[in-house]
Structure formats: C-alpha cells, structure tokens
Number of protein chains: 2
Amino acid sequence: MAEKIIPDIVVGRLPIYLRALQRMLAENRHVTSSQEMGERLGISAAQIRKDLSQFGEFGKQGTGYSIDYLAEQIRLILHIDQVWDIAVVGAGDIGSAVARYQGFANRGMRVAMIFDNDPAKIGSDVGSFTVQDINNLETAVREAGIKVAMIATPSQNAQEVADLLVAGGVKAILNYAPISLSVPEGVRLQYIDPVIHLQRMTYYL
Amino acid sequence: MAEKIIPDIVVGRLPIYLRALQRMLAENRHVTSSQEMGERLGISAAQIRKDLSQFGEFGKQGTGYSIDYLAEQIRLILHIDQVWDIAVVGAGDIGSAVARYQGFANRGMRVAMIFDNDPAKIGSDVGSFTVQDINNLETAVREAGIKVAMIATPSQNAQEVADLLVAGGVKAILNYAPISLSVPEGVRLQYIDPVIHLQRMTYYL
C-alpha cells in the first residue's frame with residue numbers, strides 16, 4: 001500500500017503544534033481548538049485543521065481537540081514516543097550549551113555523548129558528559145546505535161564530521177556550523193545559523 | 001509607486017545564498033553560476049535564478065555571476081551593508097554562547113550588550129561584555145537605538161522580555177526560548193529551537 005506523502009513544510013509545523021500543546025498541558029489544560037492554537041502560534045485555524053487532517057481525524061466539530069490525545073498522536077507521528085540519543089560534536093561554546101540544554105526533556109531527545117578534536121578538551125567534563133576523542137566518533141555512534149547528531153564545530157571541520165557521522169550510521173544531523181553540508185540521500189539535514197534568521201529580518205527594517 | 005511584495009520564503013533564501021557566496025570569496029573565487037550555487041546548497045539552479053530575478057538582473061546568460069557584485073547586491077537588499085547592533089537577553093549557557101559567537105563578523109551583525117535578571121550574573125563578564133541589569137533593558141536599547149535583539153531566557157520570562165524590547169523600540173527578535181511569543185504588527189520574530197528541527201527529522205526515521 002502506498003503511503004501518502006506529506007509535504008515537508010507540514011511535517012515541520014507538527015513540532016510547533018506539539019510544543020504549544022505541551023505548554024497547555026503544563027498549564028493543566030485539557031481541551032483546545034484550532035482557533036486557540038492559531039492565536040497562540042500566529043498560524044490560521046484553517047491551516048492547523050488542514051495540516052492535522054493530513055494525518056487523521058483528531059477532533060470533533062464543535063468539541064475541539066483533547067490536548068492529551070492530540071499531543072500523544074503527534075508524538076507517535078514524529079516518532080518521539082521513544083527517546084532518541086544524540087551525539088554532539090564540538091565542545092566549544094555552542095556544543096557545550098547544547099549538551100547542557102534543559103529543553104530536550106520530555107521532547108523525545110537526550111544528549112548521550114559529546115566529542116571534540118582538541119586534546120585540551122578531550123577527557124574534560126561538559127555538564128554530565130566527558131568529552132570524547134573525535135577519533136572514536138564513528139565507532140562510538142555505530143556501537144551505541146545513534147541515529148541523531150548535532151554538529152557544533154568550526155565550519156572547516158563540519159563536512160568531515162558529517163561524513164564520519166554518516167559512516168557511523170547517523171541518519172539525522174542538525175548542523176550549527178555556518179556552512180552548507182552535503183549528505184547522501186536518506187540522511188536528513190537541518191541547519192541552525194542565527195545570522196540567517198537575523199538577516200532574514202533586517203530585510204524588513 | 002507600489003513596491004513589489006517578495007514572498008518571505010524567497011527573502012529567507014537570500015541569506016543562504018549570501019553565505020555560500022561569502023564562502024566562495026574566502027576561497028578566492030570570483031565567478032559562479034546558479035548551477036554551482038545549487039549544487040553547494042541542494043537547491044535547484046532554476047529556483048536560485050527565479051529567486052534572484054525577483055530583485056533584479058545580477059548575471060548574464062552564459063557568463064554567470066560576479067560573486068563580489070552579487071554578494072554586495074544581496075547585502076544591500078538585506079540591509080546588511082550596515083552593521084546592526086544586537087541586544088542579547090539572558091546570560092545563561094545559550095545567551096553566553098551567542099554573545100561570544102564569532103560567526104557574526106562580516107555578516108552585518110554585532111552583539112552590543114547582554115542582560116540578565118540574576119543578581120549573581122549582573123556585573124559579571126561574558127566575553128567582552130559586562131552583564132547588565134534587565135531593569136535597564138528598555139531604556140538601554142532605546143538610548144542605543146537598538147532594533148535587533150535575541151532572547152535566551154527561560155520560557156516563562158520570554159514574553160515579558162519581548163514586551164520590554166518592543167517598548168524600547170526593537171523591531172526584530174530572534175527567540176531561543178522554546179515558546180511562541182506574540183509581538184505587535186511591524187515587529188519581526190524568528191525562532192531557534194533545536195528540538196523543533198530534531199523532531200522534524202525523526203518523523204522520517
């Protein structure tokens with residue numbers, strides 16, 4: 001049976017919906033509507049209904065959505081009903097901040113290891129992790145079965161690190177280095193570069 | 001005369017094109033093509049040509065683009081022919097990493113001040129900055145004429161900080177706190193939340 005292909009832009013909004021729902025749960029709320037979600041998120045209610053309808057029937061006309069149920073369903077869709085172990089490469093400012101970041105909890109992600117190539121950093125502690133030698137990267141991620149990684153190295157090392165990660169079996173890379181990387185088909189790649197976001201806004205100023 | 005409205009998604013690709021061009025310049029390159037840019041970026045050459053054509057005529061059929069000229073033109077379009085001073089709010093791991101980030105240089109951005117509400121942090125140094133009291137935030141950004149800010153506070157403080165920034169005249173906010181914010185019309189808002197990017201990828205795993 002052919003699976004329906006969902007546009008990536010729709011997939012990209014699901015985590016934002018989930019974050020809003022989890023926040024409502026933290027406020028001890030249990031029912032919401034596409035209108036209310038839309039107002040919180042600055043997305044139209046019609047867009048939210050349309051996006052969710054691609055994955056199934058999650059609410060009833062007039063009674064809204066059960067927040068618990070909808071959050072659980074989105075977690076299943078995004079495959080974060082499990083917790084993904086993450087390898088962080090680069091133990092500089094950004095890598096260290098990410099390794100200590102509290103925002104992964106209850107969101108399906110957990111930093112599991114951190115690597116660097118600097119002898120002065122290898123063996124030192126970052127949060128609750130000991131920085132490992134990047135020479136062990138490929139083996140370590142393969143043996144741990146790690147599929148998700150973040151690159152927080154200088155630009156000139158980022159492609160080499162991506163190649164090592166892919167060789168070790170990583171299938172999803174979030175790249176903080178300000179450079180475009182190439183990865184084989186079947187490996188997902190996302191970028192975080194604050195300057196890209198800032199420049200996108202200064203256009204309008 | 002009515003100005004042509006450019007879709008925001010097209011605006012959002014210009015910084016990515018510029019980053020690739022600046023990298024080529026750093027490699028001492030001076031001519032490129034939409035094909036080469038496309039291969040580096042994983043974007044089709046046709047898309048790049050179409051995007052750039054929205055802003056003018058930057059290359060000649062058959063001779064490609066002058067990298068220097070195209071980069072300069074994109075800088076003008078994005079208003080980063082000037083350097084924007086940035087206020088960072090929150091001097092925790094992420095805010096401190098951002099304040100020390102080397103990646104702003106030559107990209108039209110410069111961190112100018114950093115604030116926190118923690119008496120233990122106020123007055124301490126982060127990189128070359130002294131952490132200022134958040135009680136002075138609104139006045140400080142107004143007096144310095146700052147239009148661009150980054151929020152790196154806990155979620156529960158982020159909306160209040162956004163309100164202070166807007167009151168102080170800030171027009172563009174990059175929010176690292178994992179929560180959706182609301183700002184008045186005319187104020188631009190972008191988000192960086194690594195979990196959103198990670199969840200968007202685990203969908204495919």
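How many salt bridges are there between chain A and chain B? Eight, counting a salt bridge as a side-chain nitrogen of Lys or Arg within 4 Å of a carboxyl oxygen of Asp or Glu.

Before you click around, some ground rules. This is a predicted model, where local features need pLDDT of at least 70 and side-chain atom pairs count only at pLDDT 80 or more, while totals for chains, interfaces and linings use all residues. Residues are numbered from 1 along each chain as its sequence is written, chains are lettered from A and ligands numbered from 1 in the order in which they are written, and side-chain values use heavy atoms, with hydrogens and water left out.

**Stop 1: the interface**

Colour by chain and select what touches across the boundary. Here 59 residues of chain A are in contact with 59 of chain B, contact meaning heavy atoms within 4.5 Å. The two chains bury about 5,900 Å² between them, with 65% of that on carbon and sulfur atoms; buried area is the accessible area (1.4 Å probe) that two parts lose on being put together, summed over both.

You're looking for 24 residue pairs between the chains, both residues at pLDDT 80 or more. A polar contact is a pair of N or O atoms within 3.5 Å; within protein, one must be able to donate a hydrogen and the other to accept it, and residues adjacent in sequence count only if both atoms are side-chain atoms. On chain A's side, the residues touching chain B split into 37 nonpolar, ten polar and twelve charged, where Ala, Val, Leu, Ile, Met, Phe, Trp, Tyr, Cys and Pro count as nonpolar, Asp, Glu, Lys and Arg as charged, and the others, Gly among them, as polar.

**Stop 2: one salt bridge**

Zoom in on Arg100(A) and Asp93(B), whose side chains meet in a salt bridge at 3.0 Å, N to O. Over all chains, the salt-bridge count is 22. Arg100(A) sits in helix α5 (residues 93-100) of chain A and Asp93(B) in helix α5 (residues 93-100) of chain B, so this pair joins two chains. Helices (H or I, at least four residues) and strands (E, at least two) are DSSP runs, numbered from the N terminus.

**Stop 3: the sheet in chain B**

Switch to cartoon. Six strands of chain B form an open, parallel sheet in the order β8-β5-β4-β9-β10-β11; strands pair if DSSP finds at least two bridges between them. At the edges are β8 (132-133) and β11 (188-191) of chain B, each pairing on one side only. Select β4 (residues 84-89) and β9 (residues 148-151) of chain B: four bridges join them, and Ile86(B) stands opposite Val148(B).

**Stop 4: over to chain A**

Chain A has an open sheet of six strands too, ordered β8-β5-β4-β9-β10-β11, with parallel pairing. Its edge strands are β8 (132-133) and β11 (188-191) of chain A. Finish on Ala172(A), whose bridge partner in β11(A) is Arg188(A).
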